[in-house]
2 protein chains.
Amino acid sequence: MLARQLLLGAGSSLRRFSSASRGAVVASTMQAIRAGEEDVRQRLAQINEEVQKLLALKEQLKQLTVDDDGSGETAAAAPAPSKPAAASEPGNRNLSLKTPKGTRDYGPEAMALRQRVLDQVVRVFRRHGAETIDTPVFELKEVLTGKYGEDSKLIYDLKDQGGEILALRYDLTVPFARYVGMGNVFNIKRYHIAKVYRRDNPQITRGRYREFYQCDFDIAGTYDPMLPDAECVKVVCEILAEVGVGDFVVKLNHRKLLDGIFEACGVPADKFRTACSSVDKLDKTPWEEVRREMVEEKGLSEEAVGRIGQFVTLHGGTELIERLAADETLRGIKVAMEGLEDMRLLLQYCEIFQVADRVSFDLSLARGLDYYTGVIYEAVLLGGGGAGGGSADEEITVGSVAGGGRYDNLVGMFNPKRKQVPCVGVSIGVERLFSILEARAGGKTRTNETEVYVASAHKGLHLKRLEILNKLWSAGLKAEHSYKLNPKLLAQLQHCEEYQIPYAVILGDGELSRGVVKLREIATRKEEEVALDTFIEELRRRLLSAA
Amino acid sequence: MLARQLLLGAGSSLRRFSSASRGAVVASTMQAIRAGEEDVRQRLAQINEEVQKLLALKEQLKQLTVDDDGSGETAAAAPAPSKPAAASEPGNRNLSLKTPKGTRDYGPEAMALRQRVLDQVVRVFRRHGAETIDTPVFELKEVLTGKYGEDSKLIYDLKDQGGEILALRYDLTVPFARYVGMGNVFNIKRYHIAKVYRRDNPQITRGRYREFYQCDFDIAGTYDPMLPDAECVKVVCEILAEVGVGDFVVKLNHRKLLDGIFEACGVPADKFRTACSSVDKLDKTPWEEVRREMVEEKGLSEEAVGRIGQFVTLHGGTELIERLAADETLRGIKVAMEGLEDMRLLLQYCEIFQVADRVSFDLSLARGLDYYTGVIYEAVLLGGGGAGGGSADEEITVGSVAGGGRYDNLVGMFNPKRKQVPCVGVSIGVERLFSILEARAGGKTRTNETEVYVASAHKGLHLKRLEILNKLWSAGLKAEHSYKLNPKLLAQLQHCEEYQIPYAVILGDGELSRGVVKLREIATRKEEEVALDTFIEELRRRLLSAA
């Protein structure tokens, strides 16, 4: 059905119908056909969409059933799960036809979207003057040891095959600190986009994999307070606005202030970090539960925890800084006042950078990692997912999409003379951004950039096609053709529609003998004869005016 | 010295000198100073270059001494080599400050060059309509097993931490075949740029690492003979020409023809592959030695080897095809004739693609990997390294920079129903290209893209700087400033020169009170006052006209 309709759209057949005598009849018939075509195309698109969804579900199901070897912490002797192959030929072992647990392939559509988002992110990094570096995918195991607390058990170790003991990188921050410390670098503003590896329990349905991209921007160097820190916040705001994932807020806090609060509330110094990790759960857990954990599991006194609760539930702006600066219990505590001074500066700079309405000073923000020493931040999308989906006060967060902070004591661990280089940075949660945009992308994303398809109207034209192609490539145009000697015109035009290639050059003996080719605009199906001598210029002109 | 001279170049000081009355004296003095500056700058550049070379040598030495744990095949219990740290603080373990053996970090300069080259390569792939995909860095070990022959021992295994047995990918071809087979893909033209891992003995001095980029372009699908194959050759030629690494030749041969020759020479069928791997050494080893290996190690008869020798030393063009097609011994052998028929077509298509002068039908080309089933090719740079550095006949090759071929039987191993999808592809040896271009790049490569630096002429202007920066970023310009509250003007201008930032906006109270800023062109050191209202437009105009 569709095939015949498409063929009617093709030039040579069309011309036969459109003789002047039958004009009106033909016109109305064509209109009806076009409407029918459009209808069929829409329905096909819907079906295609449904099929894609089903395939995705099937993939998830497969991961959940075949791959689920529990927590991944089972005995070393557990055999790799293996699906029986559908056909077993002699001499051909039955391979498990899957990617490793918690990983996936990315096909052309997923990659097209990812590259588009990463390009946007890099553009922002570049706008702020960042360079880029790269480090190996694995490190000496000892470089990673002791940097990730409890999560160290999630590190992928390489097999000891004689030589060094290696492990896959767990994040990009520790390799960066090693790079800076080992190389005696004193200042650098760099971004690094690369995959990291965590033997976590994958949650495929929530888009959490064991292999995933991190996308980090860091500023290392001895500078004046909050100038690099504020720029990191600005970078996050620019990226989230440009990628277009809806309304968001960047929560800000300060490790020194948190420490000061713990001190003021009577928490012993050796329990600051564990108290911190309890507070960190406040984004997902109600205070009552966090309170119980601090008292019952972490052994803090009821009174101390009660006082902590009065602080960590606060959030606001400059007025909150003033209130805390005047607070009786905090006033005598030096680190608290230093933290507040930093926060005051940071908010002032955010004001100048016109992101004050995007940030929220939030005392419940703690961040999991141990190595932060100053400002910490985390960007979360607000409920509704769209613009104007709720004020900061009634925020229903749909998850963190960026996070970071200052870490002034990490580089020294990797410097031969233990020299410190203060750092501040942010990691963009691009995998979250990919998921959100992927779910939203209803229309088909283009997966190649072909500008023109060289088609032949009938048999025996493949040499001519190669010649035309060569001319197009030499002229720098992006061009393709069928790798079949005598492809059907219909199949060639369908390929153009499927891949959204804007133009086709259709070759035919009749036209070639008159020194012309047919130039077809795929979207409108309009065709026009153009001289062989000038069709490249004509094409270039059209492509430029469309861009 | 240099500092004072540079300061003289800075705007505000300059104006004091250039009063009309002392014009001539000042002009000649400035000229002398400029010449002196230039001299100092050149000498600094030389020193810097020397230091870079020394550092590189030191790095190599370190790799050769500390890391050299023999072939990497030593006993599993060997401890990781560990350098004593220069200072050992209590509570801080002594880390080995290095990247794993055979790997390295890539700093901003190396990365800038790599990105430039990869962009050029991708542009060619895209011009030919390729999409891109990505696969995990590790695969189930069994996916890789039995694909690489003897080299399988170079595969990096992951530690068995419970769950699946995994290994790092060794190339991109097997993961691609798995992707196509497992996903029931019937046709795809894709490129894949990613790192692969081989526990080889690294040759750091020759730029051979254990972690390195591969850059593959493959066409999968059931098509007519040589149409996709010829396009792969064309892609290689375009890339090498555009990257600009000098003169090259693409050697072509055919596995079926080689098999036919072996058959014709009386080699038993079960020794075709081992004979093939001997022939493969002909690019580095003289025939006499290869001959001896075939007779003494592989057990082929003197007579058979003698006859092989008469074939595999041949190379040429269409005339060679005709000669072989007429050859008495080959004429009766079906596979040989099929191979020749393919070669005839391939050369014809290469002619149309205007790369006939770049290719050489070379019977000594065999390629190491087992999975090739048809055309094979390998691009080598010709001696001299420059254009016109010798004809194909007197070629002194400086090594392979691309290679590939047809592999029609690999995908089926990964398809549940063992369905084959014929493939042909090429892998660009980008690491070789990087090395060649790196060695050649005398001048400093820009590592960031900053268009304008916001500088302050004196103290107390940091808030104003932030405001101007924010305006520039909002306008989409790439802008930076110093993260110090009160940086010295000299230091700011030196930063611009070092990073080759084209413009600086210099703020000063005097100028700001008059509603202007100074716009300085870094290369010429020319300064001009521009109104605060219009300096962004002025900047954009200048950047556009320079582009």
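A:T173 sits in helix 6 of chain A, which covers residues 173–182. The model is a predicted one. A:T173 has 9% relative accessibility, so this residue counts as buried; the cut-off for that class is under 20%.

Beyond its neighbours within four places in sequence, A:T173 is in contact with A:D216, A:Y371, A:Y407 and A:L410. UniProt, in an unreviewed entry, lists A:T173 under the feature "binding site". The same annotation names A:D171, A:L172, A:R198, A:Q214, A:D218, A:R367, A:Y371 and A:Y372.

Setting aside residues up to four places away in sequence, A:D218 touches A:F176, A:I188, A:K189, A:R190, A:Y407, A:V424, A:G425 and A:V426. With A:R190 there is also a side-chain polar contact, at 2.9 Å.

## Asn184 in a loop

A:N184 lies in the loop that runs from helix 6 to strand 4 (188–197) of chain A. Its relative accessible area is 40%.

The side chain of A:N184 makes a polar contact of 3.1 Å with the side chain of A:N415. The C-alpha atoms of A:N184 and A:F414 are 9.5 Å apart, although 230 residues separate the two along the chain.

A:E164 is placed in the loop between helix 5 (141–144) and strand 3 (166–168) of chain A. With a relative accessible area of 9%, A:E164 is buried.

The side chain of A:E164 has two listed partners in chain B. One is the side chain of B:K98, in a polar contact of 2.7 Å. The other is the backbone nitrogen of B:K101, reached at 2.8 Å.

## Chain A overall

Chain A has 19 helices and 16 strands. Of its 547 residues, 53% count as buried. The chain exposes about 23700 Å², and carbon and sulfur atoms supply 53% of that area.

Sequence separation is also on record for the contacts of chain A. Among contacts between residues at least 6 apart in sequence, 69% join residues at least 24 apart.

## A sheet in chain B

Chain B holds an open sheet of 5 strands in the order 13-12-14-15-16, with mixed pairing. Its edge strands are strand 13 (479–481) and strand 16 (526–531), each pairing on one side only. Neighbouring strands are turned by 30° against each other on average, direction ignored.

Helix 17 of chain B, residues 489–498, packs on this sheet. The helix touches strand 12 (452–456), strand 13, strand 14 and strand 15. Its direction makes about 170° with that of strand 12.

Within the sheet, strand 14 (residues 503–507) and strand 15 (residues 516–521) of chain B run antiparallel and are joined by 4 bridges. B:V505 stands opposite B:L519 of strand 15.

Notes. Residues are numbered from 1 along each chain as its sequence is written. Chains are lettered from A and ligands numbered from 1 in the order in which they are written. This is a predicted model: local features need pLDDT of at least 70, side-chain atom pairs count only at pLDDT 80 or more; totals for chains, interfaces and linings use all residues. Side-chain values use heavy atoms; hydrogens and water are left out. Two strands pair if DSSP finds at least two bridges between them. Helices (H or I, at least four residues) and strands (E, at least two) are DSSP runs, numbered from the N terminus. Axes are lines fitted to C-alpha atoms, for helices over the stretch in contact, and angles run from 0 to 180 degrees between N-to-C directions. Contact means heavy atoms within 4.5 Å. Buried means under 20% relative accessible area, exposed over 50%, partly exposed in between (1.4 Å probe, protein chains only). Accessible areas come from the Shrake-Rupley method with a 1.4 Å probe; for residues, only the protein chains shown count as cover. UniProt positions are given in the numbering used here, feature names are shortened, and annotations may be inferred rather than shown by experiment. A polar contact is a pair of N or O atoms within 3.5 Å; within protein, one must be able to donate a hydrogen and the other to accept it, and residues adjacent in sequence count only if both atoms are side-chain atoms.
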